[in-house]
Amino acid sequence: YHGPRNDLPKDYDPKKVTAALNEINDKILCVRGNCEAEVDQMMLSFPVLADYAFLFDGKTKITATHGHKLDSFTPPKSDEVIVYGHTHVPVDHKSDNGGRFINPGAVSIPKQASPHSYIVYEDGIFTWYDLESGESYVPRF
């Protein structure tokens, strides 16, 4: 995540990140954010240019999106989860309907003093991880 509003993080190395992600391409699901472009897709061995991704694990519908248009979403139902990024702030929020809004935070430029983080979804459970320590944590935002 870069551009005129943000300084590049220390040790920023997009080519190294690209190589690392390509090694685990079968475990990654991505949607387009603020900065993905066709040139990025040419370097990656998994898709990154879709506006949405949909998963169904047998009981839960998961919609992944960047998040800059969340106001156009109907609150998720009890069997739905909307995963988004845009704000760079980790979130696990239940809607009034019992569904969830989830934000993994950001690996590069986290906001609101949150850790550099990501989530893993496995066996029906979302787990947040601090990129620097490798430890799991519960979002406090």
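This briefing covers strands, cores, aromatic pairs, salt bridges and one surface patch.

The model is predicted: local features need pLDDT of at least 70, side-chain atom pairs count only at pLDDT 80 or more, and totals for chains, interfaces and linings use all residues. Residues are numbered from 1 along each chain as its sequence is written, and side-chain values use heavy atoms, with hydrogens and water left out. E6, E7 and E8 form an open antiparallel sheet. The largest nonpolar core has six residues. The whole structure holds three salt bridges.

**Strands and sheet**

Strands (E, at least two residues) are DSSP runs, numbered from the N terminus, as are helices (H or I, at least four). Two strands pair if DSSP finds at least two bridges between them.

- The three-strand open sheet has the order E6-E7-E8, with antiparallel pairing.
- E6 and E8 stand at the edges with a single partner strand each, so one side of each has no neighbour in the sheet.
- Strands of a sheet pair through backbone hydrogen bonds, either parallel or antiparallel.
- Strand E6 (residues 117-122) pairs with E7 over six bridges, in the antiparallel sense.
- Within this pair, Val120 has Thr127 in E7 as its bridge partner, and Ser117 stands opposite Asp130 in E7.
- The E6 and E7 hairpin has two residues between the strands, and Asp123 takes a positive phi near 55° there.
- Strand E1 (residues 52-56) runs antiparallel to E2, and five bridges join them.
- Phe54 has Thr63 in E2 as its bridge partner.
- The E1 and E2 hairpin has four residues between the strands, and Gly58 takes a positive phi near 105° there.
- Asp57 sits in the loop between E1 and E2.

**Nonpolar cores**

A nonpolar core is a set of buried Ala, Val, Leu, Ile, Met, Phe, Trp, Tyr and Cys residues joined through side-chain atoms within 4.5 Å. Buried means under 20% relative accessible area, exposed means over 50%, and partly exposed lies in between (1.4 Å probe, protein chains only).

- The largest core consists of Ile62, Val81, Val83, Ile102, Phe126 and Trp128.
- Strand E3 (80-83) and E7 are the elements that give two or more residues to this core.
- A second, separate core has five residues, including Ile82, Tyr84, Val91 and Phe101.
- In soluble globular proteins, nonpolar side chains tend to be buried together.

**Aromatic pairs**

Rings of Phe, Tyr and Trp (its six-membered ring) pair if their centres lie within 6.5 Å; planes under 30 degrees apart count as stacked, over 60 as edge-to-face and the rest as tilted.

- The count comes to four aromatic pairs.
- Tyr52 and Phe54 form a stacked pair, at 6.2 Å centre to centre and 20° between the planes.
- Tyr52 is partly exposed, at 36% relative accessible area, whereas Phe54 is exposed, at 57%.
- Tyr52, Phe54 and Phe73 form one aromatic cluster.

**Salt bridges**

A salt bridge is a side-chain nitrogen of Lys or Arg within 4 Å of a carboxyl oxygen of Asp or Glu.

- Glu80 and Lys61 meet at 3.6 Å, N to O.
- Glu80 lies in strand E3 and Lys61 in strand E2 (residues 61-65), so the pair ties together parts that are 19 residues apart in sequence.
- Glu80 counts as buried at 18% relative accessibility, whereas Lys61 counts as partly exposed at 35%.
- Arg32 and Glu38 meet at 3.8 Å, N to O.
- Arg32 is partly exposed, at 27% relative accessibility.
- Arg100 and Asp92 meet at 2.8 Å, N to O.
- Asp92 is partly exposed, with a relative accessible area of 34%.

**Surface patch**

Patches are made of residues with over 30% relative accessible area and no salt bridge: like charges are joined within 9 Å, nonpolar side chains (Val, Leu, Ile, Met, Phe, Trp, Tyr) within 5 Å. Accessible areas come from the Shrake-Rupley method with a 1.4 Å probe; for residues, only the protein chains shown count as cover.

- Val107, Tyr118, Val120 and Leu131 make a nonpolar surface patch of about 300 Å².
- Leu131 lies in the loop between strand E7 (125-130) and strand E8 (136-137).
- Leu131 is partly exposed, at 44% relative accessible area.
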